[in-house]
Each structure stands twice: as C-alpha cells, then as structure tokens.
Amino acid sequence: MANWYTNVVIYSLHLEAFRDGNGDGIGDLKGLRDSLDYLASLGITCLWLQPFYPSPQRDNGYDVTDYLAIDPRYGDLGDFVTLLEHAEQRNIRVLLDLPLNHTSIDHPWFQEARRDPSSRYRDFYYWSREEPKNLRDNPIFGEEQESNWTYDEEAGAWYYHTFYKHQPDLNYTNPAVLEEMEKVMGFWLRLGVAGFRLDAVPHMVRAKGSKRFDGDPHDVLRAIRRFVEEHRRDAVLLGEVDTEPDEYQNYFGQEDQLNVLLNFYLCNYLFLAFATRRSSALQHVLETLPVTLPYDQYGNFLRNHDELDLERLSEEDRQKVYEAYAPDEEMRAFGRGIRRRLAPMFEGDRRQIQMAHSLLFTMPGTPVVRYGDEIGMGDDLSLHGRDSVRTVMQWTDHDNAGFSTAPRERWARTLIDSGPFRNDKINVADQRRDPESLLHWFARAIHVRHELPEFGEGEPEVIETGCADVFAHLCRSGDSSALAVHNLSPETRRFRLDLGHEELDVALEMFADARYDRLDQNDGALELGPYGFRWFKLEHLLEG
C-alpha cells in the first residue's frame, strides 16, 4: 500500500536505552527483538530507530563515523536482519534515523579532508581559508555552541557546522556527497527497512559559506525521493522540518520530496492549548497548516528525544507554557525549549496525560509516540541537557528495572529510581497486570485509532462548541468522518456541536474517557468530564 503511513502509530526509541539483550548494560538489537511482542500488543505498527551506527557518542549517535555499519555495542548486521524478520512477522515496519546533514569529525571522510586539501573529500565539507565574517550568526545551541565555524589546525582552515563543532556539515552542492548517501540508503533499503527519518532537513538545503547550489536546493530532496522509491516503491521519508508552516509545502513539493513532516508547529500549539486551556490555539493550527496533497502527511508528536522546542510560539506565548510546565530554569534548554517528559509536566495526572494523547491520536496526521510515554515515564533533571529525557525503559519494579542483568555501574544510561516516577512505581509489568492502567488505556486508544483512518487521511474541519475550553474537530474522508471532542479544562462542560448542514444517520461512539449518554438521549447536547474526550465515527447519508 503506497500510503500505508497514514494509518500507523510510530514508536520512537533509542536502542541504548530500551532493553539490554546480552547483559552488558547497553540496550541492543536483541533486546528490541525480544520486546516486539510487547510493542505489537500495544498496537505499534512502525518503529523509528534512532542512530545505531558507529559513533563517538558525543551527540546521542547523531555524530556518525560509518553509515554502513552497526555500532558493535548494539549487535551486528545479522542481528539487524533478524530483527527485521521478526518485525515483519508482526506487521511492524522499521524506519532508520539517518543524519544526512553532517558527520562526526572522526568520520574517515573528514579526517582525509583535513589532512589533504587535494583530496576528493575536501569538498565534502564547507571550508574557509579566511576567518568567516558570520562566525556567530546562527548558533543553534546557545551557550553550548559559540559559533558555526571552527578553526582546524591540521587543515589550516575553518569548517562549518550547524550544530556542535564535532559535527561538520556535509556539502550537498557537491553531487558526490549525494552519490555516497544514495549508496547508504540503497544498502539499508536492500536489507528491508521501510524508509528513513531524515535529520535536520532544512539545514541540508540552505546556503552555507561561499558554496551555492547549481539550481534549486530542493532538487537534493527530489533526488533522494526518486532513489528510495526506485529501490522500494512504498519507502517513506519522514523529515525533521522545524520551520514556519508556510514553508512546509516547499518540503512536500508536488509529492516528490518528503512523504511525512514532523509537525513541530502543531506540537507548539498543543502545549499552548494545554497551558492556557483555550481551544483557540488548536483552531489556529488547523486553519494555518497547509492542506496536504493525498500522499503527503504530517507526523504529530508531543515529546521526542530532544527538548520540547517552543520556537514557533511568540515570546509571550512561550512564557505561558514555561510558567505552566517549566517554572524553574533547570527545566529549560537553549532559551527556547523544555527538557522534561510529558508525565512530569502534568504532575502525573492521568486525566491530562490521556487527554493530551487523545488529541495526538485524533489530530490530522500520523501519531508518533516516544518510548515510555505509554506508562507515564518521568525525567531526570540532574542529567545534562537533553539526557534528562533519555533514561532507560522501566520494565519492572526490580533494582535493574528489567532493563539489564549487568551491574548498574556498567549501564550506558541511567535509571529513574527515586521520586514519584521511579521504576518501582512506574513500570510495564505492574501496568500489564492492571486493566485500568495507563498502558492498557494506550493499547485501547491505539487499536481504536487504527479503526478510524479518517483521522489520518481525512480533511479536517473545526466544529464550533460555544465553549472556549472545548475543542471539536471533524476529519472527513469519502463517505465517512471521524469526530473528536476534547475538554481542556478541569471542570465538567456541557455543550452543543454546530454541525451546520451536516446530515448524519449514524454517530457511533468509539472511544471516551468515561461512559456518557448517547447523543440522542440529550437532544444533541454533549457532556465532557474534566479533561474528558470522546471519539465518534460518522457515516453520511447517501443520495439515492
């Protein structure tokens, strides 16, 4: 199916933190393989694996030294192929995170480039013999990154890096760079991956230093799309594109660039809606996001492996979200984001956690869930930067959390073993035994979401409710629609939906936070409890 990605739930994880299968203290491919039944029972149909390539690990694996290998700490290619086989048996597709914008400074390409100015790899990167004038124009990481240019003594020149100085940017104005990366993508596609999550896409196609593209920079993305589809017709490109929404179409193109854009704009305004309890923020999103072509899709998320980047909000609105969810400076990152997981931001309130994920599952697009959110995992703010949200998966209440049999001092990642989100309080094993747990709620929500493809592929429409803190929207697809209503407030709300000229012969309630009266028992009025939600499937009257 060419557009299979419109009705999946994507689960994002880093092998290192998920499950250790060989007892060395590091999560690995075997540990993930042994966890596939858990993910399948949850209803997960697509995995997004963060980088597992050889790397000095200065940036969580996004500083790659070999794109055609697996870091031996995680296993080998045989383990990976076995994982793909087991995932296929459970109807789970696998996407690989591919950092195409930059390599590690330890990559052989960069090492040869700095040693030899005449090397073919010299032009794989951006260099300047003279000190660049724009040294501090665009530092992404604030105080942690003083400049976008670093002087290399051996090369006798400055090199450009969008992110940290140990991540030199690749020069896509040089066609040889794309040729090498096509070899990389062809290799993994041949093994059986379903596509790639492309990191930092806007930075790949912008001007840097004195280099300029010969033609449209987005031809690079078009070439990548053509290449992956030639090797696997249903392959998907999921792009990290954190820009203003009026630029999104530039990255979809005419269904010839990215298939799915991670929807940072929606994420920003979801949290503004949570903080202010005003549905107007969500209405703004649906009215602002460009309408996509049939095979384009948004990838919606609440939290990921990085900070909650609030860059798309005004300074005033950003402060509202800070006040609600990051009142202390240690909870913030890079002057624009929050380094906390969702559950601690909501102080563990199940009602708010469920309402937020209900919105995630019903907003137009494909939901992306971060590992551990299905049990309400917390964060560790004592860790540096974004590591606060990268702690190990909490499988059991044992001292080792069911993550590894190795002594804790050998673990590559830390465990939350104190506070309200410690593993003896929050873990998979306990929640599996409790039919009323958050984990069981997630499984129900995901399975119902699969029954309502209208949310993934339908045309959205905001429905007036008359309540400032109640949001309702309809996603219409062919002869059926899916309707969702959400209460952003801690108070019970009663309201009517203004469906205009809509004629309905069926309004089947599919999922809700509580048992409510049927629509026809209250003369069309609806009720929602505190942070309540209801999902409906609607079938339209057919003429004749």
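Leaving aside neighbours within four places in sequence, T366 is in contact with Y5, T6, V8, I10, Q297, Y298, G299 and N300, where contact means heavy atoms within 4.5 Å. The model is a predicted one, in which local features need pLDDT of at least 70 and side-chain atom pairs count only at pLDDT 80 or more, while totals for chains, interfaces and linings use all residues. Residues are numbered from 1 along each chain as its sequence is written, and side-chain values use heavy atoms, with hydrogens and water left out.

- T366 lies in strand β14, which covers residues 366-370; helices (H or I, at least four residues) and strands (E, at least two) are DSSP runs, numbered from the N terminus.
- T366 counts as buried because its relative accessibility is 1%, where buried means under 20% relative accessible area, exposed over 50% and partly exposed in between (1.4 Å probe, protein chains only).
- The side chain of T366 also reaches the backbone oxygen of Y5, at 2.5 Å.

**Helix α11**

- In helix α11, made of residues 280-288, the residues A281, L282, V285 and L286 are buried.
- Seen down the axis of α11, these buried residues fall within an arc of 135°, so they line one face of the helix; the arc is that of the directions from the helix axis to the C-beta atoms.
- The buried residues of α11 pack against α10 (264-276), α14 (350-362), β15 (459-463) and β16 (470-477).

- Strands β16 and β17 pair in the antiparallel sense over 8 bridges, and two strands pair if DSSP finds at least two bridges between them.
- Within this pairing, A472 stands opposite V485 in β17.
- The two strands form a hairpin with 2 residues between them, and G478 in the turn has a positive phi of about 60°.
- Strand β17 (residues 480-487) is mostly covered, since 8 of its 8 residues are buried.
- In a regular strand the side chains alternate between the two faces of the sheet.
- From β17, S480, A482, A484 and H486 point one way and S481, L483, V485 and N487 the other way, and all of them are buried.

**An open sheet of 3 strands**

- The strand order in this open sheet is β11-β13-β12, with antiparallel pairing.
- β11 (308-309) and β12 (332-333) are the edge strands, each of which pairs on one side only.
- β11 is joined to strand β13 (residues 337-338) by 2 bridges, and the two run antiparallel; L308 stands opposite I338 in β13.

Technical notes: Polar contact = N/O pair within 3.5 Å; in protein donor to acceptor, adjacent residues only side chain to side chain.
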